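Grab a pencil and let's work through some exercises together. Each one has a task and then a solution in steps.

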Amino acid sequence: MLSLAERRPTGRTAYWLIMLPAVAMLLLIYLVPLADVLLTSVTDPKPGFGNYAMLFTSSSVQRALLTTLRIAAITTAVALLLGYLVAYAMRAASSRTQRFMLFCVLLPFWISVLVRSFAWLTLLRGSGPVNNALMAMGLIDEPLALVRNETGVLIGMIHVMLPYAILTLYANMRGIDIGLVAAARSLGASRLQAFRMVFLPLTRPGLIGAGTLVFILSLGFYVTPALLGGGKVLMIAEYVAVQINDTLRWGLGTMLATTLMIAVLGALWALSRVVDVKRLFGA
Amino acid sequence: MSAKPLVRFTDVSKSYDGKTDAVRTLNLDVQTGEFLTLLGPSGSGKTTTLTMLAGFEQPTSGRIFVSDEDVTTVPVDKRGIGMVFQNYALFPNMTVGENIGFPLRVRGLARAAIGEKVARALAMVRLEGLADRRPQQLSGGQQQRVAVARALVFEPRLVLLDEPLGALDRQLREQMQYELKQLHRRLDVTMVYVTHDQVEAMTMSDRVAVFSTGLLRQVAEPRRLYEEPESLFVAQFLGESNALAATIAQRDGAQCKAVLPTGETIVAAAVGTCAAGGEADLVLRPEKVALGAAALGCTNRFPARVVEATFLGDQLRVRLMTLGREDFVIKLPNAAGQGAIEPGSAVEIGWRAEDCRALAR
């Protein structure tokens, strides 16, 4: 027993030695540029918090922030609602059906976001299959503007975010004893009461977790809004890209990137106060 | 006990897969105010019967009546039946008090009335002062008491209990059996209880209904069930029985003469359709068999050889070789003057005709 205890630190040192190259690499290619981003945001074009002051003074920055928050909020709300329905259906299905449904939910993960965005572009455009079908059915006379605007961005983002919402909610619901709903019913609760008073409160951690996850991921979306928004819906990630690639205002771009990162970390911290994050994401 | 049953099953069958019946043509009455236990091994249909009465499952055919009202298709929340589950099924998102108040809340009672009834229910199960705890903070026994209080708080006429003590250790189990029985007596409520534990069934019940393979085998008071089993299954599931296959040679009213394959003739009580020429199982409780001098006055007397004698404290369990078998068991009380019984020794055993029951096959 003693020899085992003695040998332990040696094993740990070796463990860290093996980790060292990876850690060094991460520091070099991740933390150093990140520090550079932070530094640039307070030094370019001149030292100080002038860039950060633009959060309160520049109307175009504020518009980009508001658009981002609004789209992220709507995406989160719709993804939670739709995701809850799918996750609930999965929970109630037989285990074989559950496996099949899980496969279908995971399927989109294998297709690049870029491809999916172009697919939506094709489907939703003025003379695309969706508009054509709606007009053929006589539901509309004119093609609906479903793409190259905020509607298009929302459709694309909800589609991408839905699996995250479903998987998080499903993981939570799987831990809930369905017998509790049966017990509630036997004690006189209607279906709706049993759901509202027993099942729904028990899925609260799942809703909070899925909501935070989807919201955070939505804040940083770049490809989908850029393609489906047609340049008219400027979310913060695209705004940053424009500053750095086109207008070359590095200070403004890095400031917004930093702001986004702080917002995400803040949201994660707030989440960790409410639920056990590790358990939520199955770590 | 009033003559009018509270619950009546008429020709109730339930099949989950359309091929085999989980419950087959069940006819059973539950009397108002009685404690009835559904007893049987797993897969015998006892739990299916309970879930049909609760309303979780619908019979494939047949009707269920509660207080003369056909409830066969009444949904579970409209039946007004209290239910206690094996795993307690307490709501983890509510306090103990909120759990107990749940049936009252969904019935739209005023807050003050709920508080009063919850307090009374907590006192009833001796959990005063724990109203604000979470169920997870309670011990298994306490959780089960909360579940019982929750099933009783809305004063249902009928309470169903599905193996409620299955998860508790033996000592706690015995205590909870006693407390449940006390509650039943005090509240004058009808209880239907499911268990696979025959001792529990015997201890608690006014009547026991024994199930096997989807069939109700017999329903009777515990003593009657033990003393007068009507089938080989009941005789062997409840306590211990020696069972001897025999052919009925002659029936004379309540008595019959049966012949064993080895040639011996046994006089036994004839049960049911036992008739001359028919096959029967003779069942005999081990404690009804007398040994040595005590056997002298018995109708049935046979020589035997001791195979094994086990001392069990209050009784002696003896395995004998007799009547062509080596597993004939008798139990002798550890009475004063009871001598040692040596393996290999020759003895004489005997029993009264009425203690041995001939059950038609």
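**Exercise 1: Cysteines in chain B**

B:Cys256 counts as buried because its relative accessibility is 2%, where buried means under 20% relative accessible area, exposed over 50% and partly exposed in between, using a 1.4 Å probe and protein chains only. Before going on, note that this is a predicted model, in which local features need pLDDT of at least 70, side-chain atom pairs count only at pLDDT 80 or more, and totals for chains, interfaces and linings use all residues. Residues are numbered from 1 along each chain as its sequence is written, chains are lettered from A and ligands numbered from 1 in the order in which they are written, and side-chain values use heavy atoms, leaving out hydrogens and water.

*Task.* Work out whether B:Cys298 is buried or exposed, and how far its sulfur is from the closest cysteine sulfur.

*Solution.* 
- Step 1: B:Cys298 has 14% relative accessibility, so it counts as buried.

**Exercise 2: Around B:Cys356**

*Task.* Find where B:Cys356 sits and which residues it is in contact with, leaving aside neighbours within four places in sequence.

*Solution.* 
- Step 1: Look in strand 20 (residues 356-360) of chain B; strands (E, at least two residues) and helices (H or I, at least four) are DSSP runs numbered from the N terminus.
- Step 2: B:Cys356 is buried, because its relative accessibility is 1%.
- Step 3: With those neighbours set aside, its contacts (heavy atoms within 4.5 Å) include B:Ile266, B:Leu282 and B:Trp351.

**Exercise 3: Where the chains meet**

*Task.* Describe how chain B touches chain A, and name the salt bridge between them.

*Solution.* 
- Step 1: On chain B, 21 residues are in contact with 17 residues of chain A.
- Step 2: There is one salt bridge between the two chains, meaning a side-chain nitrogen of Lys or Arg within 4 Å of a carboxyl oxygen of Asp or Glu.
- Step 3: The partners are B:Asp77 and A:Arg185, with their closest N and O atoms 3.0 Å apart.
- Step 4: Strand 6 (81-84), helix 2 (96-106) and helix 4 (140-152) of chain B each give at least two residues to the side touching chain A.
- Step 5: Helix 2 of chain B supplies the largest share of that side, four residues.
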